[in-house]
Amino acid sequence: MKKIFLFIFVMCVSIMINAEELSSLRGDHPLDEVSKVAEKKNWAKDGEPISRNYVQQPPLIPHKIKGYQINLKFNKCLSCHSWKKYRESGATKISQTHFKDRDGNDLAEVSARRYFCTQCHVPQANAKPLVENTFKPVDAVKN
Amino acid sequence: MTLGKKIFSGTLITGFILGIIFWGGFNWTLELTNSLSFCTSCHEMRDNVYPEYQNTVHYSNRTGVRAECPDCHVPREWIHKIIRKVEASRELYHKVVGTIDTPEKFEQYRLTMALSEWKRMKSVDSRECRNCHDYESMDFVDQGRRAVKAHSTGLDEGKTCIDCHKGIAHQLPKGWEEAAAKAGL
């Protein structure tokens, strides 16, 4: 008896789902249609540094980072952005915040909690925001 | 023609043809050892440096132009290639005794091997890189900001490819910067 009820219930629900159109941020289209293939996003090429929108924002990466490895043996980002190398490479040096451990003590090397750069810093691509917003940076940061 | 002359000319012609066969065979065998499949037939290479290389631009890129093991590690000119092949007997020896046949042993020797390769490349002014990458034909208009700066100043300073592009194909060993600086690389 229970099984028959369950079966009927599942059938009703599936008919209901098929009847409505599932809407999402990617636009309305019925479930049984082949969805549009998302257009390929290209990484932004090497460019000028991008200004921040708020003071604590981890700056965006204005160049491609394809194939850059960060592992225990080697950190590709630091090969240009470390305090030792930034002048020679012409890159922005990592800020002093990268040398503090979680208790606020100052360290001599990059803190382990800031070693994996791409946890906070990202490169850019030609991906438009899915939701429009009216965010404006503070005057002090705007340029 | 006298018999002597016939034998002489016959030997000459036969010798010439045999020479072509043997020389061709020698070169063909040599080229067999100059391929990715041959290099990766050793598990030391197949399990360590080959997967690392597969993540890099020399393995897979937009145009599909690939640089395989011999393109960077074996000189193209015949005389240098033969010298390198003779030196490769050292590698055969180490394969037999199993110097780097486990991942731990490989990591132990990674720095030594890397320094040896960097030293070789620097001593020939990155000749193997220049097999494909010709500085004179580089179009700086197409290069990114950082590349233009590095190439136009660095190479004028007398730097060679391997000075900046260490780790382009395989993972860098631990402690490579200090060791390379100490070795003057």
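Which of the elements of chain A has the lowest mean pLDDT, and which the highest?

## Confidence in chain A

In this predicted model, the lowest mean pLDDT among the elements of chain A, 74, belongs to helix α1 of chain A, which covers residues 2-19, whereas the highest, 92, belongs to helix α2 of chain A, which covers residues 78-81. Taken over the chain, the mean pLDDT of chain A is 85, and 87% of the residues of chain A reach 70 or more.

Chain A contains three helices and zero strands, and the pattern read along its sequence is accordingly written α-α-α. Of the 143 residues in chain A, 4% are buried.

## Domains of chain B

For chain B, the domain assignment gives two entries, namely domain 1, spanning residues 1-32, and domain 2, spanning residues 42-182. The C-alpha centres of domain 1 of chain B and domain 2 of chain B are placed 40 Å apart in the model.

## Contact between the chains

The contact between chain A and chain B draws nine residues from chain A and 12 residues from chain B. On the side of chain B that touches chain A, the residues divide into five polar, four charged and three nonpolar.

Key: Residues are numbered from 1 along each chain as its sequence is written. Chains are lettered from A and ligands numbered from 1 in the order in which they are written. This is a predicted model: local features need pLDDT of at least 70, side-chain atom pairs count only at pLDDT 80 or more; totals for chains, interfaces and linings use all residues. Domain bounds come from an automatic or database domain assignment. pLDDT is the predictor's confidence in each residue, from 0 to 100. Helices (H or I, at least four residues) and strands (E, at least two) are DSSP runs, numbered from the N terminus. A residue is buried if 20 or more other C-beta atoms lie within 10 Å of its own, exposed if 12 or fewer, and partly exposed in between; C-beta atoms are placed from the backbone. Two residues are in contact if their C-beta atoms, placed from the backbone, lie within 7 Å. Ala, Val, Leu, Ile, Met, Phe, Trp, Tyr, Cys and Pro count as nonpolar, Asp, Glu, Lys and Arg as charged, and the others, Gly among them, as polar.
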